[in-house]
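Biologist: Can you take me through this one? I'd like the overall numbers, then some detail.

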Amino acid sequence: MQKIFRKYAVIIITAAIGVILIVNYAMVSIGARQQQVTTFQSKIDQIIHTIQSNQVELTSISKNLDEDYLTRARAAAYVIDLRPELLDDVEELQNLASLLNVDEIHVINQNGIIVRSTVTKYLGVDFHDGEQTTEFLQLLEDKEGTAYLIQKEQPNTAEQKMMKYVGVTRKGIRGIVQVGLKPTRLEEARARNTYKYIFNRFPTAKGEEFFAIDSNTGKVSACTGSLSVSDLEEKYKNRLFSNADKGVFLEDANGESKFVVTKQYGNMLIGATISRENMMHGVWRDMRTTLICLVLVELIVVIFLNVLVKKRVVNGIHEILSDLTQITNGNYDIEVKVGGNPELEELSAGIDAMVRSVLNSSDRISKIIEMSAIPLAAFEYKEGNQYVFFTPGLRDMLGFSTEEMEKLHQDPKRFFQKIQDIMKMPVEDEKDVFPVQDKYVSIHLSMEGKDYLGVVTDTTSQVLENRRIRYENNHDHLTGLYKYSYFMQKAAKHLKNNLRGRICSCIMLDMDNFKSINDTYGHEMGDYYLKSLADILMELPKEHCFPARRSGDEFCIFTYGQRDKSEILKLLDSLWTILEQRPVQLSDKERRVIRISCGYAWTGNEEMDLKLLMRQADVALYRAKETGKGCFVEYNSMEAKEPIRE
């Protein structure tokens, strides 16, 4: 058939296009990678050359500055020795510092103590007291008055201020004249010689990034753009850069593929990266051009084939498709008849037979469901259909009247909206179960495109049984409070979902002298005593707290959503008030107020693990029992002892 011929022609042409694109992509990709390696190696060499040039400049600046600073120090010493009266006037000494363009001038006596200074608060500083100043004491041993010391910039002893000091010996007097300067120019030169400074000012193409890693420490010295320091250090640690001198592809912390080229320079590993997308931008552009040309060729061939087969095949198929569309929309009475081609006539007859078979199968399935007496119903909704299909039991299952069901049968959109409205109110802790009047139903939808197949079952008895089982599993049989295990689950959930600016707390309760109640009045009265406390705990406001029985005569309360600690204290005060107002009748002659000890801990504004919060509340409870019982105590980390239980 011509249709088969056209199909295989398209497959062959498409396969050929695919092979051409694959070969073209491989060749262009290899070229792009080699070009990128060359580009990165050249730029890294430029960075290294810049570092070397800056280092030479830095060495020259440092040497010239040292000579200049020594000249200023000797000039200061000369003026002071020539005019010793300057030492008696701080303002004159400061004028001298300004004239020599230095920040500080200090005169040190033979004992190593500053006796004159432009900075008055330095007067009396003993050079023996600091590591930075002690170095200058060696000048006091010079008897010829020619010794000097140029100290590297470092924090000074008096204020830990970064300074550079130069000292010279005085002529004829045992002492030192010292000048101090802020090493601004040298710091600026050093700043220009950092990898970060060079990277930020280095000309780059779109998407290019640079980094430098210290080979001795494995730490990132500098990086640009969106590069992650931790990601680079992790890759260096795992030796992923070991073969990157010729270029490798690596994934960054965000999962993006990047091409990396590195070069070792001294103890630094310098690298350059670019994302695969940016590097292959030109490749994709060439590929798109090639693909467009090939697709145009394929399109011309396909159009030519379509013209050849149109009269013998396409027209008949369009007629069949038109009839199938009406069948899909629910018009099962239409009869498909297309002539002029033996194959199309056979196809038309087959479609008619299939429609009749589907209708017969639907009728049989509906009868089988009715005969089985299983609370099951089904429906099929297809968008655009004039009618909706459903089994007879669906009306009773969903509680619709006969009249309403008839209207919904003729209005599929309204019917499906009804189903969606029911499914908007799911039953808690049940999967795909929804309330309908006085029962519960399970609705399962299977979707294929825009078509839905639904199955509805009556699950009322199952839901009620599940609720009974959950209640027994999660509640203490004596008190009706939550069991401790379920309490921990709910508390962990509330702690995780706690709103910002709100606090949570854990309150531990222990009944005082409960053993004497059992020993004196019997276990039955002891159970009544426990139940009385549980009844009071269940009256606490449920929107902010829930209680549980932990074990024996121990209870716990978890609170959430409070704005501050005062609301926790208000809750505890109200609990103590209720206890006082409701004494328990232990015998005909005795009524006793329930006495409890309580410890509580709260989260504050920080996140906290639930187990830690429980242990802190336990510590506070232990403290309350120690301090005389019958009270509540807040956890205090300064007074905390080891917790009494894990």
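**Overall numbers**

Modeller: Among contacts in the protein chain between residues at least 6 apart in sequence, 56% join residues at least 24 apart; contact means heavy atoms within 4.5 Å. This is a predicted model, where local features need pLDDT of at least 70 and side-chain atom pairs count only at pLDDT 80 or more, while totals for chains, interfaces and linings use all residues. Residues are numbered from 1 along each chain as its sequence is written, and side-chain values use heavy atoms, with hydrogens and water left out.

Biologist: How many helices and strands?

Modeller: The protein chain has 18 helices and 24 strands. Both are DSSP runs numbered from the N terminus, helices being H or I with at least four residues and strands E with at least two.

Biologist: What share of the residues is buried?

Modeller: Of the 646 residues, 40% count as buried. Buried means under 20% relative accessible area, exposed over 50%, and partly exposed in between (1.4 Å probe, protein chains only).

Biologist: Different topic. Why does His106 count as buried?

Modeller: Because its relative accessibility is 1%. His106 sits in strand β1 (residues 104-108). Its side chain makes a polar contact with the side chain of Ser117 at 2.7 Å.

Biologist: And the largest nonpolar core, how many residues does it have?

Modeller: The largest nonpolar core has 31 residues, and Ile507, Leu509, Met511, Leu537 and Ile596 have the most contacts inside it. Elements that each supply at least two of its residues include β18 (503-511), α16 (523-537) and α17 (565-581). A second, separate core of 27 residues includes Met268. A nonpolar core is a set of buried Ala, Val, Leu, Ile, Met, Phe, Trp, Tyr and Cys residues joined through side-chain atoms within 4.5 Å.

Technical notes:
A polar contact is a pair of N or O atoms within 3.5 Å; within protein, one must be able to donate a hydrogen and the other to accept it, and residues adjacent in sequence count only if both atoms are side-chain atoms.
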